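Please view the sequence and structure below before reading on.

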Amino acid sequence: MSQFGSLILTNNGKNLQSKAQSGTVLRFTKIGVGDGRLNGSAIPSLNNLINLKKSLQIQKLKSYPDGKAVVGSVLLNQDIASGFYFRELGVFAQDPDLGEILYCYANAGDLGEYIPAGGGPDVIEKVIDIFTLVGNATNVTAIIDTSVVYETQEGAAEKAEIAKNAAIDWAKSFGMGDVAKDVTGTDLNLLNQTGFYRADRNNEATLNGPSRVSGDHAWVYVLHFKSGESNKKQIAYDFANIARWERVFVNGAWTTWKQLATEDRIKSFGLVDVIRLSNGEDLNTTLNTGFYYGFSGNPNAPINGSYFLNVFRYSSLYTLQIAVSADSNKKTFTRTQINGIWNGWKETSNIGDDVLDRATYKITTPPASFPVGTTVFSVISGDGFPGSSQGTVITHAINTDRSVQYFIEKSGNKRMFFRNGDSALGASNYWSAWSEIVTDGTPTFTNLTLQNGATSASNRPARYTRVGKLVTLEGEISPGIAAGTAIGVLPAGFRPPTTRLFKTALNTATTNDGATIYVTEGGSIVVYALANTSNGISLMGISFYVD
């Protein structure tokens with residue numbers, strides 16, 4: 001960068017300066033740059049640059065109270081045909097008598113910077129600010145071409161500061177960066193700008209805020225979010241407490257405010273920390289949904305001891321209470337309030353627990369011995385229940401007069417049976433006969449264990465199934481079986497009450513002759529007679545009912 005030092009007033013500049021003290025307008029016209037050397041010439045006597053290379057339009061003029069002014073421009077090399085050393089710098093002004101004169105001048109000599117020609121890889125853009133003497137001139141001007149004015153660093157900084165302050169003021173109008181904007185007396189439905197607000201709910205003109213209950217502060221903070229005219233959300237916070245509400249704008253309308261659960265509010269219902277009932281508190285008045293811990297000293301308690309209590313409230317007239325004893329017995333009791341009237345406590349069994357002793361509760365157990373409610377217990381062979389030797393019994397006792405009982409086999413086909421109980425039929429006829437529950441699913445077949453040399457055709461195995469009380473056989477016995485041969489035995493539960501006789505086909509297309517097969521009450525399947533031993537024997541069509 002060229003080093004010029006201070007600019008020196010020329011003789012013509014001094015004369016114009018004197019005229020300016022008397023009121024003549026001091027008007028700067030341009031700035032000149034050149035590459036001339038002084039070679040002994042005196043600066044005051046110069047009337048022009050020694051070798052002017054380019055004239056610059058004045059783009060900046062600012063007067064200071066100490067008798068100085070700044071005259072500025074920008075030097076660009078884009079229109080310079082050949083490079084030069086930037087040695088000369090001069091300011092020109094308009095003299096009312098002499099016309100345009102060289103007002104002040106400086107020469108960098110050997111310290112001049114080289115300015116390359118335009119169009120090359122080097123792009124030069126230099127801001128030139130010249131401090132010059134204007135004395136006590138009252139009217140200092142310059143000829144400025146606004147079309148080529150460049151923003152200065154100071155100007156840009158000043159404008160940036162103005163823009164920043166304007167942005168801060170604008171943000172503060174929505175409660176951002178400062179205290180939340182007070183919208184007391186405003187309908188919160190009409191808030192339409194994302195921002196931070198506060199409102200006094202005691203003011204009757206503050207509309208559509210979250211409802212205030214005992215313990216709430218009058219003031220609320222309100223956050224308003226907006227992603228479009230049809231999508232908005234508001235969150236309100238209690239000014240002093242931690243209560244919080246939310247609502248959204250959907251389908252052209254605001255939803256109602258919903259209070260969000262806080263830890264303290266959750267605990268108020270016995271969640272996290274169970275609520276201990278006060279001594280003497282009547283359970284008939286414990287109506288709020290929640291989790292409690294009570295004692296025998298509470299009127300209308302289910303037991304004479306400690307217990308955990310769950311309360312489910314629909315309204316002040318309809319409530320469910322479930323109590324579990326706080327001891328190793330873990331007994332469960334329930335009762336309900338219907339239309340304001342409490343029913344008595346009923347003990348219920350716990351499914352999954354070994355509540356009932358299977359040695360006591362057999363098929364002959366008197367109905368009155370079953371607890372009211374639902375009981376579950378397991379049985380084994382000899383307990384008298386239908387189906388296989390083991391299973392599960394579920395008893396639903398509405399009361400001691402009416403019941404229904406289900407039995408599910410543990411193994412085998414896992415069939416299900418049921419029977420009804422009705423005391424109106426008398427103690428000996430209380431239970432109806434067992435009925436099997438039959439599904440409409442695909443039956444499960446079991447391969448028949450063959451004997452006496454009998455084998456199944458490779459693609460038609462001999463097998464059997466049972467759906468309800470109907471037993472069905474299918475498959476084919478390979479050729480070679482003689483008449484009178486017992487080919488297999490059906491298991492218990494799949495045998496007819498008396499011997500059954502069936503006519504079946506042989507696997508041949510040349511004759512209508514077939515085979516005669518009978519199934520005994522002991523389950524034996526016997527080929528009684530057949531037309532020949534050269535063809536397979538079909539088991540299709542063998543079907544019968546069991547007891």
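## Charges over rings

In this predicted model, the charged end of Arg247 sits over the ring of Trp254, 4.3 Å from the ring centre. Such a placement requires NZ of Lys or CZ of Arg within 6 Å of the ring centre and within 35 degrees of the ring normal. Lys232 likewise lies over the face of Phe249, at 4.8 Å from the ring centre.

## Basis of the values

Residues are numbered from 1 along each chain as its sequence is written, and side-chain values use heavy atoms, with hydrogens and water left out. Local features need pLDDT of at least 70 and side-chain atom pairs count only at pLDDT 80 or more, while totals for chains, interfaces and linings use all residues.

## Aromatic pairs

The structure holds 14 aromatic pairs, a pair being rings of Phe, Tyr or Trp (its six-membered ring) with centres within 6.5 Å. Tyr293, Phe295 and Phe308 are linked into a cluster by ring pairs.

## Overall fold and burial

Three helices and 40 strands occur in the protein chain; these are DSSP runs, of H or I with at least four residues for helices and of E with at least two for strands. Of the 547 residues in the protein chain, 37% are buried (under 20% relative accessible area, with a 1.4 Å probe and protein chains only).

Contacts (heavy atoms within 4.5 Å) were also counted between residues at least 6 apart in sequence, and 46% of these join residues at least 24 apart.

Methods
Phe/Tyr/Trp six-rings, centres within 6.5 Å; stacked < 30°, edge-to-face > 60°. Buried < 20%, exposed > 50% of the residue type's maximum accessible area, 1.4 Å probe, protein only.
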